[in-house]
Structures are given as structure tokens and as C-alpha cells.
Amino acid sequence: MASFTYVRSLSRRADRGSAAAAIEPPPATGVHAERLRAAMGQFATGVTVITTSDADGRLFGSTANSVSSVSLRPPLVLTCLRRESETLAALLEVRRFAINVLHSSQARLSDLFARRAGADIWDAVAYRSADGIPLLEGAIATLQCDLHDVADGGDHAVVVGHVVELDHAPAPDAEPLLFYAGAYRRIGPPPAAPVLPEPTEVALPSREGPLRMLSLSEDHDNTSVAVLTGEPRGRRRVLVYPHVPCLLGDALGSTACPGRARLRAAMALMRREGHGVAVYHREAGTALDACACASGGDPAPRLSEGALDALTRAVRILDLRAVRLLCHPADDQALTHLARAGVPLGELVDVRTL
């Protein structure tokens, strides 16, 4: 809390030019700035302009996408401004500011306030005044704030505002201006949700006893089936095995197929544990070179996107929790796909142990 108290005292000084400069940055340690910039560029944000005025009535504004809600009770929001920002110096002086959330048509305003400019910049800007603070016309939301606190944020100051008034009445089709990977973006239409059939379940005899098959697709070109052992629905830590189909092992029943051998070993392990799910997905045109036999007995044939989607659907239909996934630890692409799809992975079981 020392930095909060120290910077807050700065905001009450008459000499505002030294206020921002007095916030010392931390030692230069950690990752390189450009690496951090590139990584954080993957975090899509909205775009705002922070506006204020100084004691003489001069207007200031700075583009900012580091904006966040902090608290609802009391209503607090934060933004970050460069230590050398004139907007920050004026804000600390009058202790009031506004956050203007830009519409997708206002990229020009974002560019305008992203650079240091003279007072005549406001001649080209449509705004209205609220107790001397400029509010940008056309913004999809404006939040008028009293200064609540300031904290040291390295080469920026973290400004916390207490929201005292707001204007938020956008048209139903209003779109925010977005910033992602170093460029402005717009919200596109939401992807159409695929119409999936209701899963059906059948029992089939096998040499290992009756198997329960849950259909995951009715696409004639692709086949997706979950083979259930026991009653896995709603359970935690159920073993799930995505099987990569093989022409020799699955169609011809070859005992030389390592994939077929792993499937049998996985099913045996599920029977010993009492519950389990094996997911089988075959795509039209699957050739011999897609199976384990053609890869020199590689125990980790890559799972296709269709196979991963089938596994995801099986987990959701069966309401599985903390899934124990039989996979190859090196298949990072598959693990990333499943994590992004929301599959609750509890443990990875190395398929090479089968």
C-alpha cells in the first residue's frame, strides 16, 4: 500500500509536471519487452480514449486498451497510462477523467489520441462537456470517474476511478472497436451451431461380452462411435481412449497392427477398472498411411480434428469429469485442441504403457 499512498500524495501537489516522472519503474528483469508485447497481443481487447482536462481548462486525451472493471460495490474501474503522459498529469491535477469506449467506426479517433498532439486536435473531434471533462460523441459507452487511487505500474501508472456517472445506450447492432495482434478488428457474425443428431445407444455382442455403442454422428461419410464399458455417465476420472482406425487392424483384423493391440489393451484396462470409454472415428478416404502400421509401429498416430471433435462430444454427452485421457504426451496439438474445446482433463495416461 506504500506506493498507493505515495502516488496519491503526488496528485495533490501543485507541480504536476513532476508527478508522473516520480513514479519510478521497477528494475529491468524478466522477459524481453517485445516478447511480452507479442504474447499480450494475442489478448483481444476493446479500445477506449481516456479524456480529462487540467485546472486551466485545457483538454487532454489518450488511447488505452488496458481498461478493466475492478469492483461493482463500490463501482471501480481501472486504466493504465504512460508515466510521461500529459493526460496522466492533467488527471492527477483535477482528479477526474472519463473512459470513452469506442465504436467500430471510430478507429480514426483511436489513432488521433494514440500520439502526442497539440491543443488544436480537439477542433477535429466531436465532444460534449461534463463538468469540464470532454466526452466523445458516438462512443458506445462513457464512464465519468473521480480519481480513487493510483499505483505504480512500471512504465505506466495504474489509475483506479470511482464511476460517478455513465452513459450506455448503444443501438442493438452497435459494434465495439477491437484490437488484436497489432491491428483493429470487428466482431463477426457468430458461427452457426452445427445441428447434431440425438445420440442413440445399442448393445452388440462381442468376444469380450456385450458392448454398448453410443453413436456420435449420422454422417454417412464419417463414423463416430463411443464404446462404453460399465456405466461411465457423470463419473469422475473415467479412462477415455481415442482409437485411430487402421485398415489392417480394424478392417482386416490383423494381429500385427499395433493400434489394434492398444485398443484391446485399453479395453481390458477399462474392464478391470469397471468403467471406460473408447472413441472410434473413421473419416471418408482414410488410407493405410494414416494408421500405425504404415508409420513403422509408431505408438502415437496423430489424432485428426474430426477424431478430437468426436472425443469432445462423447465427454459432453456422457458428462465426464476430470477425464483420464490415454494419449501420447508428445501430441501437443491434440491436447491444445481438447483444452480449448473445454474437455476437463484430469490426468494424461501415456498410451505407450499399454
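I take buried to mean under 20% relative accessible area, exposed over 50%, and partly exposed in between (1.4 Å probe, protein chains only).

**Basis.** I worked on a predicted model, in which local features need pLDDT of at least 70, side-chain atom pairs count only at pLDDT 80 or more, and totals for chains, interfaces and linings use all residues. Residues are numbered from 1 along each chain as its sequence is written, and side-chain values use heavy atoms, with hydrogens and water left out.

**Aromatic pairs.** I counted rings of Phe, Tyr and Trp (its six-membered ring) as paired if their centres lie within 6.5 Å; planes under 30 degrees apart are stacked, over 60 edge-to-face, and the rest tilted. I found 3 aromatic pairs in the structure. One of them joins W122 and Y127 edge-to-face, at 5.2 Å centre to centre and 80 degrees between the planes. W122 is buried at 6% relative accessible area, whereas Y127 is partly exposed at 35%. I then looked up F179 and Y184: their ring centres lie 5.7 Å apart with the planes at 70 degrees, so this pair is edge-to-face. F179 is partly exposed at 27%, and Y184 is partly exposed at 29%. I also noted that ring pairs link F113, W122 and Y127 into a cluster.

**Sheet.** I took strands as DSSP runs (E, at least two residues), numbered from the N terminus, and two strands as paired if DSSP finds at least two bridges between them. I found an open, antiparallel sheet of 3 strands in the order β1-β11-β12. Its edge strands, β1 (45-46) and β12 (183-185), each pair on one side only. Strand β11 (residues 178-180) is joined to β1 by 2 bridges. Within β11, F179 stands opposite T45.

Technical notes:
Helix = DSSP H or I, 4+ residues; strand = E, 2+ residues; numbered from the N terminus.
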